[in-house]
Amino acid sequence: NDRIGGYSGYAPPGFGAIARVLNSFPSPRALEELDLLGVRYVVLRMSLPSGISPLDRQALEREGLGPYTEAQAERLVDLLPADEVVNRGRFGDAYLLEVVGSDA
């Protein structure tokens, strides 16, 4: 499973420690961790995907757990170092960011 986060129903070994680092995105340490993991794309969602059960939706809409507000997502995009992201786009209620690894 190539996902490292999000609503995939899969959590790789050690995900708790990785998540703590990635939750500081776009800090230099979080960008370094993304590079170590081989991540190419980051999605910042401002709404939950369709098809989520009401119970799961309720659990995911808690503050600090669910999608970003538009202001939060825009602030994160604005904080990204220009040399770390080659493409950034807004697609509906999400930003898609293509991050640059150290061997790019």
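The model is predicted, so local features are described only where pLDDT is at least 70, and side-chain atom pairs count only at pLDDT 80 or more, while totals for chains, interfaces and linings use all residues. Residues are numbered from 1 along each chain as its sequence is written, and side-chain values use heavy atoms, with hydrogens and water left out. The chain has four helices and three strands. Here helices (H or I, at least four residues) and strands (E, at least two) are DSSP runs, numbered from the N terminus.

**Overall layout**

- Starting at the N terminus, the elements follow one another as α-α-β-α-α-β-β.
- Of the 104 residues in the chain, 29% are buried; buried means under 20% relative accessible area, exposed over 50%, and partly exposed in between (1.4 Å probe, protein chains only).
- A contact means heavy atoms within 4.5 Å. Among the contacts in the chain with a separation of 6 or more, 43% are between residues 24 or more positions apart.
- The accessible surface of the chain is about 7,100 Å², and 51% of that belongs to carbon and sulfur atoms. Such areas come from the Shrake-Rupley method with a 1.4 Å probe, and for residues only the protein chains shown count as cover.

**Helix α2**

- Helix α2 spans residues 28–37, and its buried residues are A30, L31, E33 and L34.
- These buried residues fall within an arc of 155 degrees when seen down the axis of α2, so they line one face of the helix. The arc is taken from the directions that run from the helix axis to the C-beta atoms.
- The packing partners of the buried α2 residues are α1 (15–22) and β1 (41–45).
- Just after α2 comes G38, with a positive phi of about 75 degrees.

**The sheet**

- Three strands make an open sheet in the order β1-β3-β2, with antiparallel pairing; two strands pair if DSSP finds at least two bridges between them.
- β1 and β2 (85–91) are at the edges with a single partner strand each, so one side of each has no neighbour in the sheet.
- From one strand to the next, the twist averages 15 degrees. Axes are lines fitted to C-alpha atoms, for helices over the stretch in contact, and angles run from 0 to 180 degrees between N-to-C directions.
- Six bridges link β2 to the antiparallel strand β3 (residues 94–99), and G89 stands opposite L96 in β3.
- Helix α4 (residues 70–79) packs on the sheet and touches β1, β2 and β3, its direction making about 20 degrees with that of β3.
- β2 and β3 form a hairpin with two residues between them, and G92 in the turn has a positive phi of about 60 degrees.
- Five bridges pair β1 with β3 in the antiparallel sense; R45 has A94 in β3 as its bridge partner.
- In β3, five of the six residues are buried, so this strand is largely enclosed by the rest of the structure.

**The nonpolar core**

- A nonpolar core is a set of buried Ala, Val, Leu, Ile, Met, Phe, Trp, Tyr and Cys residues joined through side-chain atoms within 4.5 Å.
- The largest one has 18 residues, of which F25, L34, V42, L44, Y95 and L97 touch the most other members.
- At least two residues of this core come from each of α1, α2, β1, α4 and β3.
- Neighbours within four places in sequence aside, F25 is in contact with A30, L31, L34, V42, L44, L76, L80 and L97.
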